[in-house]
Amino acid sequence: MKGRILMGSAGILLLLMFLFPMWKITLSAPQYPDGLTMYIWVNKITGDEPGTLENINLMNHYVGMKMIEPSMFPELEIFPVVIYIVSALAFIFAFIGRRKLYLLWTGLISILGVVGVYDFYTWLYDYGHNLSPHAAIKVPGQAYMPPVFGYKILLNFHVWSYPQGASYLIAIAVFFALLAWYFTPKKAF
Amino acid sequence: MKAVFFINQNQINTMKFPFKIIALALIGGLFITSCGPSTDDVKKDMRGEGALSSDAAERVYVKPGEYDEYYAFLSGGFSGQLAVYGLPSGRLFKVIPVFSVDPEKAYGFNEETKPMLETTHGFIPWDDSHHPELSQTDGETDGRWIFINGNNTPRIARVDLKTFETVEIIEIPNSAGNHSSPFTTENTEYVVAGTRFAVPFQQKDMAIKDYKGNFKGALSYIKVDSVTGHMNIEFQVLMPGFNYDLSHSGKGKSHGWSFFTTYNTEEASTLLEVNASQNDKDYIAAINWKKAEEYIKAGKFKTMPGKHAHNLYSDETHSATSEIIDEVKVLDPAECPGLVYFMPTPKSPHGVDVDPTGEYIVGNGKLSADLTVHSFTKMLKAIEDKAYDGDAYGIPILKYEAVHAGTVKQPGLGPLHTEFDDKGNAYTTFFISSEVVKWKVGTWEVIDRKPTYYSVGHLMIPGGDSKKPTGKYLVAMNKITKDRYLSTGPEVTQSAQLYDISGEKMELLLDFPTIGEPHYAQGIHKDKVHPKTTKIYKLDDNHHPFAAKSDRDTKVVREGNIVHVYMTMIRSHFAPDNIEGIKVGDEVYFHITNLEQDYDVPHGFSVLGAQNSELLVMPGQTETLVWYPKYEGVIPFYCTDFCSALHQEMQGYVRVSARKSNTELKWSLGED
């Protein structure tokens, strides 16, 4: 029973991901003493102020970076569907109550997590390296790729990039699924 | 000889006034006979050099990046504006245009703010602004609005302290020389506006010598809406033809009353410096405005002609409107018993100041050597006992002894204004003897005196005319500067001085120059204003009829010879930046929207040959500049506010063709 509850809880945790951002990127420069903070969610990209995205775009267009617009990310459409499917699987597996299924689920969500971070990396790479040839400011050899995790200086900006609540929820969900596996006896029936 | 006869300034300052004159005369006499102190020593002493404590610099130093503790709002006097400083540093932050045009901010030059300066005399580009007054809630400054009077063409303005912009101006009818204004009641129910000049009521063509009995003075009560701040003239009290100099409202126990000083109760119309200084006592008029409200409610008013303009600015349309109102309600004290009483007060009182408890009413008799203080409690008793000393035009004159609370004996010469601290002390400025004198409310004893450089007018303690004064700083605003700063020719800067009043003795900390000529000022703790200020205007809330809220909305529309350009600006371009098809003789309106939604990213706009000014447009705002192209050619325009790394590239062209040419009207951005 403990296993089923833990597995079901893992599914609920995934659904809670919609309530928190997954990642946070903060830019700071002398002209931006309060910083510009961007949040990446499962299904959207937001800023700490209504105009934050526009302001980041305004800064970045000088060096030829692409405009960030939520519509350019198919991920924001795909991610929610994946989350729904995987959490539905969690509930189904909890209903069936087989420990091998719990392990399968753990593997699945772990792979999805790694794929997600890799996707994030490729986007950041493209965003930081694929610059417009018509940019007003060109610094030879300079790329503007923000860190996936950690801190970096990009020209006049200090950049911090760290996971947020929704990412921690995945980690906890994985942990719950493992616990479910651990607490479920080999002979379930 | 020198050692024997030298008397230093501090000794002079602690002397009673007549002795002081004698001492000064003595020094003068000795100087003439050349056996007194050296000229240099006296000069040094007169300038207060060496009187500063050694850590004064530390006490006014605000480290780079840190904030001042108080805002100080000093009127610009004949500049017509209102200046915002920080205390204790004395640094100037902003000059808010109020009654005078300001090409830097396009105030009075762009189409949006022109209506702000409309009056019944038409557009007026200047006035003389004297007394800023912060709005109050429960007798305490609340940081919502600051009001200020236009003296010459009588008006009251309201400045919003979220945006630090003038958002409303109301003209005062039946008034001339709007000096005893705008003083607020305890909850900003009203700001009052009194007339300095008595004038024929209603205005008409008549002989000046027939002044006496025929001229009148109107005291206006301007109702302030507690939510929107919108002003309207609720009623006027029709007073005798005296000159109404200054005012303050009652507070606490005297809430519901306002007090006005009068001079020229002689009703002279010429050579007032002599003829208006004859009466031993003039009056402080006490108006029971709660009673006035009852009379209004009871219909005891007359509706009379009182044409006045009412101008209102909206942060939604980013535009002002101006309307003319024709009439006002007038109360005649002769027909409204209990509405007005006169309290005799020696020698042409200038300022009238009410202590924080509301009990004491200080009459600063500017030609008197004493300072007269009346008691509100005694005043009520005198009214109850009908302790009258006759009447003036039907208004009871209360017996001097029946209202008099005390006298500060010979504190100096030429008292003008008094403010209060949080420890029961009062501070009065003396113009002639050029000093600030600290005295104890209730015992009337003089505690301390400090010279000012030179000839102080008003003084200001943050909250010093409210129920909750502070006790840290005092700002003296001087009328004469002379040699205090590096010379700038015949016209030199005006000057304010900061004193530390936290101790028993006042300490001079700082001189700082001011704009125009500061009269009154107000001060408020930064926490009541700074956190609430507007950073940007939201583009979504911009309802300007000519706003272009994205580059897609930009266009050029011709209606006959009037051309409307719907233009946007954002780092670092205008859209459109190429315009063709404009013709000589056109009337071109550039409606420019700043699309930025980031703090402190204004853009400017200027076009060659514009006969008005630049535009300085805040993020999310739309402003309009009208331009009359005179010659054929290709005319540049550019951004005037260094906005970004590519600010210098933020520019464009307008092609101007001959009147009869058929150049096609077109506009573009980024096309060749």
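Let's start with a term: a residue is buried when its relative accessible area is under 20%, exposed when over 50%, and partly exposed in between (1.4 Å probe, protein chains only). By that rule Ser249(B), at 4% relative accessibility, counts as buried. This is a predicted model, where local features need pLDDT of at least 70 and side-chain atom pairs count only at pLDDT 80 or more, while totals for chains, interfaces and linings use all residues. Residues are numbered from 1 along each chain as its sequence is written, chains are lettered from A and ligands numbered from 1 in the order in which they are written, and side-chain values use heavy atoms, with hydrogens and water left out.

**Two serines in chain B**

- The Ser249(B) side chain reaches the backbone oxygen of Thr184(B) at 3.1 Å.
- Setting aside neighbours within four places in sequence, Ser249(B) has contacts (heavy atoms within 4.5 Å) that include Phe183(B), Trp257(B) and Val354(B).
- Ser220(B) sits in strand β13, residues 215-224, and is buried with a relative accessible area of 0%.
- The side chains of Ser220(B) and Gln236(B) are joined by a polar contact of 2.8 Å. That term means a pair of N or O atoms within 3.5 Å; within protein, one must be able to donate a hydrogen and the other to accept it, and residues adjacent in sequence count only if both atoms are side-chain atoms.
- Not counting residues up to four places away in sequence, Ser220(B) also touches Ile172(B), Val191(B) and Phe235(B), among others.

**A proline in chain B**

- Pro240(B) belongs to strand β14, residues 231-240, and is buried, with 3% relative accessible area.
- Beyond four places in sequence, Pro240(B) touches residues including Phe215(B), Phe342(B) and Tyr393(B).
- From Pro240(B) to Lys660(B) it's 420 residues in sequence and 65 Å in space, C-alpha to C-alpha.

**A nonpolar patch on chain A**

- Ile12(A), Leu15(A), Leu16(A), Leu19(A), Phe20(A), Tyr84(A) and Phe91(A) make a nonpolar surface patch of about 640 Å².
- Phe20(A) lies in the loop between α1 and β1 (23-29) of chain A, and at 38% relative accessibility counts as partly exposed.

Notes:
Helices (H or I, at least four residues) and strands (E, at least two) are DSSP runs, numbered from the N terminus. Patches are made of residues with over 30% relative accessible area and no salt bridge: like charges are joined within 9 Å, nonpolar side chains (Val, Leu, Ile, Met, Phe, Trp, Tyr) within 5 Å. Accessible areas come from the Shrake-Rupley method with a 1.4 Å probe; for residues, only the protein chains shown count as cover. A salt bridge is a side-chain nitrogen of Lys or Arg within 4 Å of a carboxyl oxygen of Asp or Glu.
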